[in-house]
Amino acid sequence: MKYFNQILFILFFGLVCLNSYSEEVEINSSKIDVTNNGNLIKASNAEIIIPVENINVTSDLANYEKIKNVITFKKNVNFYDKENEVIIKGNLVNYLRDKNLIYSKGKTNLKIENKYKVNSENIYYDRNSNRIYSYKQTLIEDNENNFYILNNGFSFNISDRLIKS
């Protein structure tokens, strides 16, 4: 029975540590305001690092709403997903952490695996399905200097490297 209790303690402690690590968001900033009992964090000249998700973001402004688990980045946003080698540049990017969904509103530039450059508007990046898409006109250039103009938007599957329009 003694060993059983020790095993339970180790499992419980391990799960608690795993859960608190999975929520980790590192914020480096020249100015941080914490309000709403610590549930709203506003950062200027921010660098946000989410190690568990392999994400690193810089922007002029960042708002992290802990209860909604949403991070909004404004002005000069550079969103880097190291895991899939996706770089998103724009002026308004929302990251819905619970859904693992990134949405860039307005003009957006993307670089995918240093093989594709994408210029479009209102781009969605679903990290769960490894799919990037937009319903707006899109220009895609590949690393062999081929250009594709897709008037009705696009859908790009990162896993298959398949582009649909």
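Predicted model: local features only at pLDDT ≥ 70, side-chain atom pairs only at ≥ 80, totals over all residues.
**Stop 1: the nonpolar core**

Start by selecting Ile48, Phe73, Phe79, Ile88, Ile112 and Ile132. The largest nonpolar core has 31 residues, and these six touch the most other members.

Where do the core residues come from? Colour strands β3 (40–50), β4 (55–65), β5, β6, β7, β8 and β12, and you'll have the strands that each supply at least two residues of this core. Which strand gives the most? That's β3, with 5 residues.

Now zoom in on Ile48 and show what surrounds it. Skipping neighbours within four places in sequence, Ile48 is in contact with Val25, Glu26, Ile27, Ile55, Asn56, Val57, Ala62, Ile71 and Phe73.

**Stop 2: rings in pairs**

Next, jump to Tyr133 and Tyr135. Here is another edge-to-face pair, this time 5.9 Å centre to centre with 65 degrees between the planes. Tyr133 counts as buried at 13% relative accessibility, whereas Tyr135 counts as exposed at 63%. The cut-offs explain the labels: buried means under 20%, and exposed means over 50%.

Ring pairs link Tyr103, Tyr124, Tyr133 and Tyr135 into a cluster. Before moving on, show Arg131 as well: it lies over the face of Tyr133, 4.0 Å from the ring centre.

**Stop 3**

Side chains of opposite charge can pair when their charged atoms come close. How many salt bridges does a search of the whole structure find? The count is 5.

Select Asp81, Glu83 and Arg127, which are linked in a network of salt bridges. Take the Asp81 side first. The side chains of Asp81 and Arg127 meet at 3.1 Å, N to O. Asp81 sits in strand β5 (residues 70–81) and Arg127 in the loop between β8 (116–126) and β9 (131–134), so this pair ties together parts that are 46 residues apart in sequence.

Now for the other side. Glu83 and Arg127 meet in a salt bridge of 3.9 Å, N to O. This pair also links distant parts of the chain: Glu83 is in the loop between β5 and β6 (86–96), and it is 44 residues away from Arg127.

A polar atom of its side chain lies 3.0 Å from the backbone nitrogen of Glu83. With neighbours up to four places away left out, Asp81 is in contact with Glu53, Asn54, Val86, Tyr125 and Arg127.

**Stop 4: Asn130**

Look again at the loop between β8 and β9, and pick out Asn130 there. Asn130 counts as buried, at 17% relative accessibility. Which side chain does the side chain of Asn130 make a polar contact with? Select Ser159 and you'll find it, at 3.2 Å. Beyond residues up to four places away in sequence, Asn130 touches Asn84, Phe156, Asn157, Ile158 and Ser159.

**Stop 5: one more salt bridge**

Finish with Arg161 and Glu113, whose side chains meet in a salt bridge of 3.0 Å, N to O. Arg161 lies in the loop between β12 (154–157) and β13 (162–164), and Glu113 in the loop between β7 (101–112) and β8, so the pair ties together parts that are 48 residues apart in sequence. Arg161 counts as partly exposed at 40% relative accessibility, while Glu113 counts as buried at 14%.

Technical notes
Residues numbered from 1 in each chain as written. Heavy atoms only, no water. Phe/Tyr/Trp six-rings, centres within 6.5 Å; stacked < 30°, edge-to-face > 60°. Buried < 20%, exposed > 50% of the residue type's maximum accessible area, 1.4 Å probe, protein only. Lys NZ or Arg CZ within 6 Å of the ring centre and 35° of its normal. Salt bridge = Lys/Arg side-chain N within 4 Å of Asp/Glu carboxyl O. Helix = DSSP H or I, 4+ residues; strand = E, 2+ residues; numbered from the N terminus. Core = buried A, V, L, I, M, F, W, Y, C linked by side-chain atoms within 4.5 Å. Contact = heavy atoms within 4.5 Å. Polar contact = N/O pair within 3.5 Å; in protein donor to acceptor, adjacent residues only side chain to side chain.
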